[in-house]
Amino acid sequence: SPRVVIIGAGIVGTNLADELSSRGWNDITVVEQGPLELAGGSTSHAPGLVFQNNSSKTMTEFATYTVNKLLSLSKDGQSCFNQVGGLELATTPERLADLKRKMGVMTSWGVESRIIDADECEKIYPLLNTGKLTGGREVLGGLLIPTDGLALAARAVQLLIERSRERGVTFLGSTTVTGISQWGGKVTGVETSSGVVPADIVVSCAGFWGRELGKLVGLDVPLLPLAHQYVKTTPLQELQGVNDLPNGAQKPILRYQDRDLYFREHGDRIGIGSYAHRPMPVDMEQLPRVGAEEMSDHRMPSRLDFTLEDFAPAWEDCQDLLPALHATQIEDGFNGIFSFTPDGGPLIGEAPELSGFFVAEAVWVTHSAGVAKAVAELLTEGRSRTDLHGTELSRFEKVQTSDDYVSETSQQNFVEIYDVLHPLQPKESPRDVRVSPFNVRQKELGAFFLESAAWERPHWFEANRALLDELPAEWQAPEREPWAAMFSSPISAAEAWKTRTAVALYDMTPLKRLAVNGPGAQELLHRLSTGNIAKKPGAVTYCLLLEHDGGIRSDVTVARLAEEDFQLGVNSNVDFDYLRVEARKQSAADPAKWVHVTDITGSTCCIGLWGPLAREVIGKVSSDDLTNDGLKYFRTKEISVGGIPVTAMRLSYVGELGWELYTTAEYGLKLWDLLFEAGREHGIIAAGRGAFNSLRLEKGYRLWGTDMTTEHHPYQSGLGFSVAKDKVGFVGAEALAARKEQPAEKVLRCLTVDDGTSIVLGKEPVYVGGVAAGYVTSAAYGYSIRKPIAYAWLPAAVSEGDAVEIEYFGRRVAATVSAEPLFDPGMERLRG
Ligand code: FAD
């Protein structure tokens, strides 16, 4: 097997050594700067609370795997997990509603949980104050997850070291990695304080030192080391003689998120963690320098001095919630260091510029074994069985890995970590980082922007509010509950109406675009995609990029602009990194087949001009032939719009007649103005993503990352049509052929909600015959079809016409599996 060096013997590095060696890899060295008995990283002081609850399916899977693995990891009759359960409290109605929603998400991800009332909370946790809390609040109930509990992280590290050593893994303690050696774009080894260790693969599991390790290879690892306060109290009378061990615990781990606090038992003491304090970024130069012989529970590089003044307000809240704490004091406190990232997720993946250099950082104890398993699969099989798109190192745009961006967004994530967050809740800052050329007009029209990949994207335009007076009654959407309705607007109904009945402009600029050029362009795209892209220039193909096992890594539109020039619409930076790395490999293997991949998103822009009157509008400013014969559906050509050079593609994600109109950034504003002016007499409007999302669901157009991921193959996702017939030899082809033969267990289905009014949000569980059997992906109100829509993964046996139920904030909503697409199945409007 390849020679692997793992940097860091914390909970992530040791789990990875274990996962790799258990898969038979036999040349593994773990290099750790601290002593192996107590390395001194975040793991060495982690109190080990494991709450599996997470809005991300991937993160919950990581946590569940970690729980099960640590439960099974034992020695002398003691396992590394104390399954005391987890209890999240609600002291506000908003929190209680949110816990109900979270219970649904847990059901969707297969974790058992239940909502309990205040009495049961007290029964389970007798130390709770069940009277009035300061501010008049009180415990209203909680979410109980029986399989949560406490990881014995430091012990797990020792047992994992022991087990991996037996399998031949070498551990080098008190050895600091000082450099990464490389040759020809590949890692060749790590330089350490005691010489070079050769390697084909290096995985940095350096925790909050990750950014420093990245710097050794010119990689901006977007994580911020932050200090976080944890204290232990003096003994409680109420806990005397209850737990045998000093760190023993029986009561569930407890979260009091309305005051940013969590609790666990340590024998007869209570341990308390607080996120209520100011974010405290850590200067890596100021870490305590601790020699191997001085390392102890109280002195280690990841432990800064306690700042009591930061904890004082939280201490009052602790005593308020658990009155028994009035009789105690803070016996021991510290400001421990760990990593935060711009979106709160971990960082997993290979450096695009250095083959063989991997990262697995910003990982909690909670997710550690799951992450290690995913990385082990990535290394040994080429891909993880768990969908990693939300955790990929390369998911961030360049600007999002800068010091300023990482610092600001990570601190905001720290502040908001326990807030009740709406799924669409935008970042407050930094904003206006990436704006399209139309931004100034959008602002004039009162755009409400949300942010994605640092782009500002209009969701609706206040200028269209007046249209609500004209909106026919049948187009009006039912009212939503105030919380669910946040970050959406009734105006979207009017924008959908105008798109279906007149014409609208959509800003498609933020969707990532790549130029793929060179004599090897066709070969690259032929090899990596499911599409038949070897067509004449002018063809546009919707197809997929697959993993080797047939899972969908992305969906793309490939436009052949010229023999050697392609333009691709892709999903994210992850696609860009994948394609450019593959292009580089191909160019190196055969220079005659060189190919270059460029991100042209920022240097170009795109308007979707869509609606039944789109042809009238463009006809006023372009003399090019845009009739059905002049530019057929799924074809592209260069046209002129009022003198502006435009690449027009006859496509529509909303399912209406029209074009995606691309030009370079400097012409964007002029193009917008020309079209707007030309459309005035036809009632043209600017429309936002609120309408867009509804219209695309009516047409059954899937959104990669939400509706399908690497966990799904094309046939079960309703995307079999995008695999070119008889095409062989592309990545994933063999696995796909096999999968086509086997009936899929789960399929993506279209549901409509029977009451016509319950608009769900996504991630809700779906019940079939009273049993939780699947979960919702995308959801929206379908304005043209006058029903709420929800796409959902369901057992294949569930078929059209079947009745199911969606659990929404704790209540069951009846829905029906429907034929799709719901709107214009004959494609008459698109081809009109
Ligand atoms: P670490 O344990 O930090 O390991 C990284 C290792 O890399 C270190 O041992 C370090 O010495 C080594 N290293 C770094 N640079 C080099 C180099 N150049 N050469 C060689 N070795 C190097 N998580 C939970 O899930 N539940 C909790 O309840 C919880 N509570 C927490 C409470 C506090 C106060 C804090 C600060 C964190 C808490 N966390 C918790 C987070 C958790 O502790 C960390 O996310 C986790 O331990 C990180 O593990 P790791 O293996 O990635 O990093």
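Leaving aside neighbours within four places in sequence, Leu379 is in contact with Leu20, Trp25, Ile201, Val203 and Phe358, where contact means heavy atoms within 4.5 Å. The model is predicted, so that local features need pLDDT of at least 70 and side-chain atom pairs count only at pLDDT 80 or more, whereas totals for chains, interfaces and linings use all residues. Residues are numbered from 1 along each chain as its sequence is written, and side-chain values use heavy atoms, with hydrogens and water left out.

A nonpolar core is here a set of buried Ala, Val, Leu, Ile, Met, Phe, Trp, Tyr and Cys residues joined through side-chain atoms within 4.5 Å; buried means under 20% relative accessible area, exposed over 50%, and partly exposed in between, with a 1.4 Å probe and protein chains only. In soluble globular proteins, nonpolar side chains tend to be buried together.

The ligand is surrounded by 35 residues, of which the closest are Glu32, Thr43, Leu49, Val363 and Thr366, a residue being near a molecule if one of its heavy atoms lies within 4 Å of it. By class, this shell has 20 nonpolar, 14 polar and one charged residues, where Ala, Val, Leu, Ile, Met, Phe, Trp, Tyr, Cys and Pro count as nonpolar, Asp, Glu, Lys and Arg as charged, and the others, Gly among them, as polar. A polar side-chain atom of Thr43 lies 2.4 Å from an oxygen atom of the ligand, and a backbone N or O atom of Val363 is placed 2.7 Å from a ligand oxygen atom. For Val177, a polar backbone atom is 2.9 Å from a nitrogen atom of the ligand. Taken alone the ligand exposes 1000 Å², and the protein buries 97% of that, with accessible areas from the Shrake-Rupley method and a 1.4 Å probe, only the protein chains shown counting as cover for residues. The elements that give two or more residues to the shell are α1 (11-22), β16 (224-233) and β22 (330-340), and β22 gives the most, with three residues.

Thr175 is placed in the loop between β11 (170-172) and β12 (177-183) and counts as buried at 6% relative accessibility. Not counting residues up to four places away in sequence, Thr175 touches Val31, Glu32, Gln33, Thr192, Ser193 and Ser194.

Ser758 lies in the loop between β38 (746-753) and β39 (765-768), and it counts as buried because its relative accessibility is 4%. The side chain of Ser758 makes polar contacts with the side chain of Asp755 (2.5 Å) and with that of Arg811 (3.5 Å); a polar contact is a pair of N or O atoms within 3.5 Å, and within protein one must be able to donate a hydrogen and the other to accept it, while residues adjacent in sequence count only if both atoms are side-chain atoms.

Technical notes
Helices (H or I, at least four residues) and strands (E, at least two) are DSSP runs, numbered from the N terminus.
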